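Dear colleague,

I am handing over a structure for you to look through, and my notes on it follow below. Please read them slowly with the picture open beside you.

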Amino acid sequence: MLAYVQTGARTSGQTKFLLDESQLPQRWYNIRSDMPTAPQPVLHPGTGQPVGPDDLAPLFPMELIGQEVSEDAEIAIPQEVLDLYRLWRPTPLYRAHRLESAIGTRSRIFYKYEGVSPAGSHKPNTAVAQAYYNKREGRTRLSTETGAGQWGSALAFACRLIGLECKVYMVRISYDQKPNRRSMIQAWGAEIVPSPSQDTQSGRAILADHPDSPGSLGIAISEAVEDAAGRDDTAYALGSVLNHVLLHQTVIGQEALAQMELAGAFPDVVIGCVGGGSNFAGLAFPFLREKIAGREIDVLACEPAACPTLTRGVFAYDFGDTSKLTPLVAMHTLGHDFVPAPIHAGGLRYHGVAPLISQLVRDGLVRAEAYLQNDVFASALTFAGSEGILPAPEAAHAIHGTLQAAHAADESGEERTILFNLSGHGHFDMGAYDRYFSGQLEDVALDEGEIQRALEAIEGLPTPA
């Protein structure tokens, strides 16, 4: 308590920067129109040729397929989607006065808080859009995977509001670790099973070889894709990675640009955590448009050391799922059969990163760092003890990256303006915090031997240009 009294003078000034509902972005921003290097084409796994709309039609509605390949700078948001966005958007931007005081930095720290959505994260920004387009094109049911459960709960929420059935394959380790998250998914009427499951051929095959498998997003994707491909009434919905998913999330960064203007500031550093990449893209892409146009901005992607896809993976064509049911995409990958250690940031346990983000890293517009989970949880508690919000383990990676950036600025004698995406709250992650408090949280740094073993799975696949 004494620390807050001593540093109270630093907490003066406006804390929240809010937009009116009338200022909700009317269009999604498509970074493909501004990228200096076009992303590599998506390839058919059988022929090795670029996929066409007909190849994707069994899984996705045509409107989303069109968005996936669009090079238009902006795409209008349907009025029905905007009406649902207004349940929680625009989300607040905070100046982290108390965090600045707690760590003694001269830098200014801001965060965009997506945990105010009904599902508690950024994920409904695309869940609502995907459910809307599927309903409009006649689908009555969606299947999906989820890691930590944020995407599964977001899609369950969206399907309930729009009137679709929903089946969620939840990575087993998270299914066991987060019972309240799966209850939330059921509360919105969705069916949920742990993955790998007995409900699909791919799930049964994994269990036959590895009956105690903790699961992975790659495995769960295989199950959800198989589910959708086997039913005419069902489409597949993905919560990250694909171009149209990242597109829908750009409402975050567009709002943040307007809110930073209200604050009379512009970020020198923009930070987000990265698993598949959707929350990172949502905040960073509108700022990357400014960077590509010549503005100096350091854009930092933060990932777990147990799944260091951007920092230690390779840029290659790979499958998005373990059972090789999806098309081949060029991305940073650890190999499609890689099963990450059961760290508590379940939403970051994915072997690949969005192709758009991978290309931006390759072009030097985005840099990446990887952190151990005990360091991440320590930073999460520093944030919670000053700002009051208990962050999700995934979002805590962005917090840790922010503290690192602030310390680096102080050491170099600079005063920097840092903006990060607090992509979700940690109210369903208390088991992870309990393990941290009891000293049972293990640090996992992926060894080189496991990386090399996992990368053998992509030998013989096409090579990116």
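Two strands pair if DSSP finds at least two bridges between them, where strands (E, at least two residues) and helices (H or I, at least four) are DSSP runs numbered from the N terminus. This is a predicted model, in which local features need pLDDT of at least 70 and side-chain atom pairs count only at pLDDT 80 or more, while totals for chains, interfaces and linings use all residues. Residues are numbered from 1 along each chain as its sequence is written, and side-chain values use heavy atoms, with hydrogens and water left out.

An open sheet is formed by 4 strands in the order β8-β7-β6-β9, with parallel pairing. Because β8 (191–195) and β9 (234–236) stand at the edges with a single partner strand each, one side of each is left without a neighbour in the sheet. Within this sheet, β6 (residues 141–146) and β7 (residues 165–171) run parallel and are joined by 6 bridges, and glutamate 145 stands opposite tyrosine 169 in β7.

Strand β11 (residues 298–304) has 7 of its 7 residues buried (under 20% relative accessible area, with a 1.4 Å probe and protein chains only), so it is largely enclosed by the rest of the structure. β11 pairs in the parallel sense with β10 (residues 269–273) over 5 bridges, and cysteine 273 stands opposite cysteine 302 in β11. On β14 (residues 367–371), which also pairs with β11 in the parallel sense over 5 bridges, tyrosine 371 stands opposite proline 304.

With best wishes

Terms used: Buried < 20%, exposed > 50% of the residue type's maximum accessible area, 1.4 Å probe, protein only.
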